[in-house]
Structure formats: C-alpha cells, structure tokens
There are 2 protein chains.
Amino acid sequence: MADGRLPVGTRLPATRTLAADLRVSRGVVTEAYQRLVEDGHVAGRGRGGTVVVAVPVAAAPVRPVAPPSPGDVFARRPGDDVFEAFRAARASIDLSPGVPDLASFPRQAWLRAEREVLATLEPAAFGYGDPRGALPLRQAVAAWLARGRGIRVAPDDVLITAGVSQALGLLAKALLAGGITTVAVEDPGSLRVRQHLANAGLATPPIPVDDDGLRVDLLEAGGAPAVMTTPAHQFPTGVVLGPQRRRRLLRWPGLVIEDDYDAEHRYDRPPVPALRSMLDRVCYAGSVSKLLAPALRVGWLLVPGEHRDAIIAAKRLADLGNAALPQLVLAELMSSGELERQLRFLRRRHVHRRDAMIAALRAHLPGARVHGAAAGLHLTITFDAGFSDVELAARVLAGGVKVQPLSWHCQAEHAPGLVLGYASTTPGDIATAVAAIRRALPA
Amino acid sequence: MADGRLPVGTRLPATRTLAADLRVSRGVVTEAYQRLVEDGHVAGRGRGGTVVVAVPVAAAPVRPVAPPSPGDVFARRPGDDVFEAFRAARASIDLSPGVPDLASFPRQAWLRAEREVLATLEPAAFGYGDPRGALPLRQAVAAWLARGRGIRVAPDDVLITAGVSQALGLLAKALLAGGITTVAVEDPGSLRVRQHLANAGLATPPIPVDDDGLRVDLLEAGGAPAVMTTPAHQFPTGVVLGPQRRRRLLRWPGLVIEDDYDAEHRYDRPPVPALRSMLDRVCYAGSVSKLLAPALRVGWLLVPGEHRDAIIAAKRLADLGNAALPQLVLAELMSSGELERQLRFLRRRHVHRRDAMIAALRAHLPGARVHGAAAGLHLTITFDAGFSDVELAARVLAGGVKVQPLSWHCQAEHAPGLVLGYASTTPGDIATAVAAIRRALPA
C-alpha cells in the first residue's frame, strides 16, 4: 500500500490464502489485517473481502541544509537567530561562552537519580502539575540559594522556569502589565538577554559598565524604572559590582533584576553575595545552564510579592509549568549533594582550562588585555587598536575556531575584542585556538 | 554559624585544637575550613586566625496551605487558576478528563531508552539546541503523524513545543502579529483552550456544536478569520465532524487550527483522518499528554509556511526550545515501536474502563444521556432537567469524587451535565464514583 502497488479499492487476499502463500499461521495474517483495520488502511466488506480504503503516507524527507559560512554568520548586524547560525557554523574548536564543560555532564548520576525518582513516583505526578514547579525542586532550589548565595526564600516563592530566557520573558510580561516598558541593560552586556527583553516588547537603553561594574550614577540619571544586571560576574567583562556601587544600587528606587547566571563558578576570589540576599524586592534569575547543561532548560525566578501572581499566571499561560521528571531528578541531585560534588569537580577543571587560556594568551597575544578571569566560564580580551572584531571573528571561524566578537554584546562604541569561553574546551585545543586567533589578527 | 552561636567576628579554633577536641585528623578540619572559606562564610586572617565573616542562611519554611474546599472550587465563574484549584481539592476518586491511565506510564521503557540515549549522546547535545526541537524527535513525530494520522510533513516543518498549551500561545502570537485578533472556538469546547487563547489576547467567539460537530454554516456567517476545532473527537461532546461539514470546513477560506488532542484513542469506530492530512494550510497541534503523560510537557505544532518563521521566533523567545533529554528519549520510544505498543496496551485498558463506566451509568443513572463514548479518555453525560451542574459537581466533590461540570466548557446555555474521565480510574472506583454522582443528584 505504501509504495502504491495496492491502490485504494484493491481487495486483499483472503487470510487463509495469504497465510498459505507466506507459509505462516493464519493467526499472524489475521492479526496483521486487524491492525490495518484499526489504523484505517483497510476495511472488511463482509463477503466483499478486505479492501484497501486509505493509503498510508510516509513522512516527507529531511531537506539537507548546508551549515552557514563564516561570511553568513558575521555578514550583518546580529539578528534574532544569530546564535543558531553561530551554533550551526562548522568549526574544529568551539569557544562559545556560556556553557560549562559539557563532556562532564554527570550521566550516570542523572540516570541513577532518575531511576530512584521513577521507583517511587505517584501516578498522579504524571498528570498536570503545579505551574510554579514541582515542590521537591522548589525546596531544593531554596536550600541551594540559601547555602550558596545567601538568599532566604520560601519554596512557595520560587518559580521554576525553562531557563533564564523564559524567566526574562515572563518577567517582561508582568512588567509590561504593570506599566513598566523600559529595562535598562548593562553595556557591554549579553546580546541574548537584550534580544529577549526587546522581543518581549521592552526598551533596553544601555548603561555603561566600567572596572567597578554598572555605572549606577548614570542609571539614576537615565530615569529608567528597572535595570537588568549581572553584579556577581558581569557579562561579558567579568567585573564585580564594587561595594559602593552595590549600596547605591540597593538604595535606587527602581526595580533591580539580577541575572546570577554563573555565580557558582569562581576561582581566585571570595564569593560575592547575591543582591537578592540583601534586598527582597530584587528580582532574581538563575539556572542550571552553567551548572550542568543548558539543554536541561531549567532555571528559577524569584520576584517581589507584588509581581508574584502575574508571574505565576504568565508561566501557566506559557506552558502550564515545567516537565515533571527532569525537575524531580534535579531535586534529587541537589538534595543528595551530587550537584555540589559536580560543581567542585567542575571548578577544578575550569580553573585548569582558564589557566591554560591565560598562558596561551600571554604566549601568542601579549598585546591583548584580559578581563574577568577570576570567575566564570569565559574571559574577554580587548585590543588597543582600531579594527572590526566582527571581521576578526569571521577570519577566526574561517580558520576553524568559533569565537564571539565583543561588539555583539555592545550597544555603544567599544574597543575591539573577543569573548572566549574556555570551560568546555581541552587545554590543548585552547592553545590551538589562541594560536589561530593570532594568525587571524590584522597585520 | 547557622543557628547563631558563632556570630560574625567569632574566631574559630585553630585546626590543630579542633582536630584534637573532635578526635579527627587535622586534614579533616582543614578541608572543612577550606570549604567554609570557599563558600565565603569564614576568612583566614593570617595570625588573626580564621574568623566568621558571613552567617549562612537557611531556606524559609514551606507554608502549609489547606486544600480548597468544594465550595471554594465551584463558588464562582472559573478563573485562570481553576484547574489548579480543582487539582488541589481533596477527593478519593478523580474523574478529571484529559489524562490517559497514569499508572501505566512505561517507567522501565523510559529508563531503558534514556540509558541508551545517554550512552551515545555527543557532549554538544548538552549545550543550547535548535529552538524547533531535536532533529530525532522531529523525524519520529513526522513518521508518527504519517503512519497514524495520514499527515505528510517534513521533519523541518515540525515544531516541538511544551504541549498544546504552549503551541496555542505561540500560534496566538504569530496570528496577532499577522493582524488576526479573533479565533472562533467550539461551544461546548475546552475551557482551558479558551482561557489560553483569551489570555494570549485573542477574542474567542463561540460556534455551536451539534451531533455532526462544528456548525460550519454558523462559522461562515460569523465572519471570524480563524477557528480552533477538535474534528476527530470533539471536546467535550465526543462527536466527530461529519463528512459534509469536513468538506465545507476545508473550503472555508479562514485559518483552521486543528487540536488533535486524543485522536489515537478510539474503540468502536474507524480512525478519522486529520484535517491536516487533506490540506497543508491547516495549523495542527498534538502532544504526548494523552499518549503517555501530561507531565512530560511535549507536543508538536505544524503551521502553514507563511507562519513558520514567526512561530520559530516565538518558540525561541519563549524558552530557546524544549529540553533535549526528554525529546531524545521520546524519539527513541517512538522509533523503536515502544510507544505504539504502549498505545495498544492503553486502548485495551481504556475500553475496559469505558465499558465499566457505561455499565455503571446504566445501572445508577438511567436518565442520563451519554455522549462521545466511541473514542477518547472521557465521556459526557447530560440531564433532561433544569439544575446547576456546578452545584452538582460541588456536591459530588463533597462526596469524595472529582468531576467537571459541563457548563465550565460552555459559553452559551446548555443542558446540565458532567464530563467524566475514565482512563485513569479502575473499574471498581468508576462504579463507586457513579454511585456517588447519583447520590448527589437533586431529588
């Protein structure tokens, strides 16, 4: 039927006949005919026999798509799909920032935790759930934030989201409903975050970042009602918001949205407490994207009480709440201490790779300034020269290495630079990649 | 430190002293101090010793919340959180519609498939992914829809979503961007679907449903530019859209959105092909919520070419794409035939429960009319009398049984009725529940 040899209207052989032809028992043929009837492809017509009534179709084939060339990826101002094009581009070594060592994902621990979860789960847990997230995960996240980030929050005030990206979208919705149409952002600052806020309908005026972090004085002067900030480890510069700036920001009457995206990763400096640990009216977003894997799409959002119902309603409307199983597995990994162990393991591995990158930069690119190496999963280099870092990144990609130009993450003019993720790359590949960057530099 | 006995400024004992006090090796104490330093709770002050600098906080406790009473759940017009209140209400037997037998979730098969996926996954798959969904799942869904629903679609044209709820939200966004502000809905029709569309900013005028399904003549007369419909098994009445109505709807120039929510579950009638199998410009939404479990939050959406880019952009903005692991596990279950086996198993179980419910209705409620019993996971009963089905459902809940009043799902006046899910309830409980309904009926 599928290949057209038995068109609609064809009468199938009697089960007895076909069974004899194929030398199988008649029961096998009867069962096969029965399934075809159930699927609606044939119908029994009594004395008229069994007749083909609908021809099954096959899925249309996958259309092969060529990966984008370096010229395609970097040809224009980065659009909304820039990170997909960047990801799809071919390269031997990938220094994209924002991921931990992906090869270290604790597959065995994940599977063990999932087995435990499945062994004891109530059937009702497979039904529709709480849009705020599964209670065991909200409890585990509350404990994690208390222990690691100094944040005291009740599990009922934790909203589980599909990563920080979704958290920003939900928040944007609540803010817009409350009449807030502008969220100031750091400059330099994450392009992806800026795109998300802008696509959600918010204006995103830039506030400059210097060596002490966000220029809170300029935030005050600018008059925006809200600001998105990365105080513990600014993206992409890596600076920490200075103590005076912190105090000033906490006194600022606007709404502070804290993106605590990679606060757990620090090497040569004491931890910086979250702003949210000082002030309950800070919106706080975090995720497991930098702790375990972006592909898990699990994050959390804390909002001040007056936005709470709007945020829950937005999450309900978005997807009725995160999927249950991964939440419960993650809760198990958090409460058993497995995630803490994984983090300690990652810290050792990441600091080693960070050191390898700094050594390679000193050897190959002594003229580059290195920023933000004390923490996180990436560092940023800038050059004291006037050239296009987008063109540099395109040449580096043509040489087989994927790096993001700093200017993607800048609204105002800025020294040319590159954002270099090191967490998911071996020291050998890091050295090779930095050498490739040197070869791609303008003479 | 946590309980306040060592406030900030306290000097900890020397490691040697504490080790001797506790009769453990000094290395243990040194390691413990090191972790406290890393976590920022103490700091080494050289000759000043080790000093407490920040007191760890504990998560705030869970506030116990009493489950809502029957009066609370049914007191008012159903609000956006009605299904959460309904779910949170206590009952011995739950006849909520819309779930398959949750106790049959194939836990072992899921775990086996996950082990296989994790054994071979590239590290890069733990990073950020394609917002359209993982290619193996898009391929498996395309094959599933071809085989079971007669739909020919390329994997690149399948968008994986967090269930039909998210699909509706994404679609609403694309439609609003394209100037469509009204989507007509079936009446009776799913309250949840109507709430989702309305919350997304769409008007949802009702189009009556009769024994032949959607009144396409009234749709034409109403002038709405789009309609949301459940042609294979109308929710909640269970009627099938008649052949003449189908043809007329396919000729209608507006946009048809087909919610194929439980098309795989049918017992006494041949399958009804999807409208989308006849016409490419139908938007089509489906999910695994009725096949496996709503808690998986995985569905799919097919849209005509002109809405494709807008839908992908909406999904990217929503959450950057579904989580990878559950998608790959599901793809494995679909392509290995495991999901097909599960569906056959469920059909046998569900038809048995459906029969048990009909028998109980005949015995206890001979005056009730039964609708839509040939397929699906629920049936609907109506009464030829004038009373409030909301009050009836409240009395039934007070008697320990959870049922939804038909009027929740109606915009226009309708005979009182109840929507009774049977798929996740044992035959014994079904009989008990129907007896409880009879006791709750007005005298």
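Modeller: Before we start, helices (H or I, at least four residues) and strands (E, at least two) are DSSP runs, numbered from the N terminus. This is a predicted model, where local features need pLDDT of at least 70, side-chain atom pairs count only at pLDDT 80 or more, and totals for chains, interfaces and linings use all residues. Residues are numbered from 1 along each chain as its sequence is written, chains are lettered from A and ligands numbered from 1 in the order in which they are written, and side-chain values use heavy atoms, with hydrogens and water left out.

Colleague: Okay, how many helices and strands does chain A have?

Modeller: Chain A has 15 helices and 17 strands. Its C-alpha atoms fill a box of roughly 90 × 55 × 40 Å along the principal axes.

Colleague: And what share of chain A is buried?

Modeller: 58% of its 443 residues. Buried means under 20% relative accessible area, exposed means over 50%, and partly exposed is in between (1.4 Å probe, protein chains only).

Colleague: What about the accessible surface of chain A?

Modeller: That comes to about 17700 Å², and carbon and sulfur atoms account for 54% of it. Accessible areas come from the Shrake-Rupley method with a 1.4 Å probe, and for residues only the protein chains shown count as cover.

Colleague: Which residues form the nonpolar patch on the surface?

Modeller: A:Leu22, A:Val24 and A:Val28, with about 250 Å² of accessible area together. Patches are made of residues with over 30% relative accessible area and no salt bridge, with like charges joined within 9 Å and nonpolar side chains (Val, Leu, Ile, Met, Phe, Trp, Tyr) within 5 Å. A salt bridge is a side-chain nitrogen of Lys or Arg within 4 Å of a carboxyl oxygen of Asp or Glu.

Colleague: Where is A:Val24?

Modeller: A:Val24 is in the loop between α1 (15-22) and α2 (26-38) of chain A. It counts as partly exposed because its relative accessibility is 35%.

Colleague: Now the charged side: which residues form the positive patch?

Modeller: A:Arg112, A:Arg115, B:Arg112 and B:Arg115. Helix α5 (107-120) of chain A and α5 (107-120) of chain B each supply at least two residues of that patch. Lys and Arg count as positive and Asp and Glu as negative, while His and the chain ends are not counted. The place of a charge is taken as NZ of Lys, CZ of Arg, CG of Asp or CD of Glu.

Colleague: Why does B:Arg115 count as partly exposed?

Modeller: Because its relative accessible area is 38%. B:Arg115 lies in helix α5 of chain B.

Colleague: What is the phi of A:Leu320?

Modeller: Near 65°, a positive value in a residue other than glycine. A:Leu320 is buried, since its relative accessible area is 9%.

Colleague: And B:Arg23, buried or exposed?

Modeller: Exposed, because its relative accessibility is 78%. B:Arg23 also has a positive phi of about 55°, though it is not a glycine.

Colleague: Last one: what is B:Pro68 in contact with?

Modeller: Leaving aside neighbours within four places in sequence, B:Pro68 is in contact with B:Val73, B:Ala85, B:Ala88 and B:Ala89. Contact means heavy atoms within 4.5 Å.
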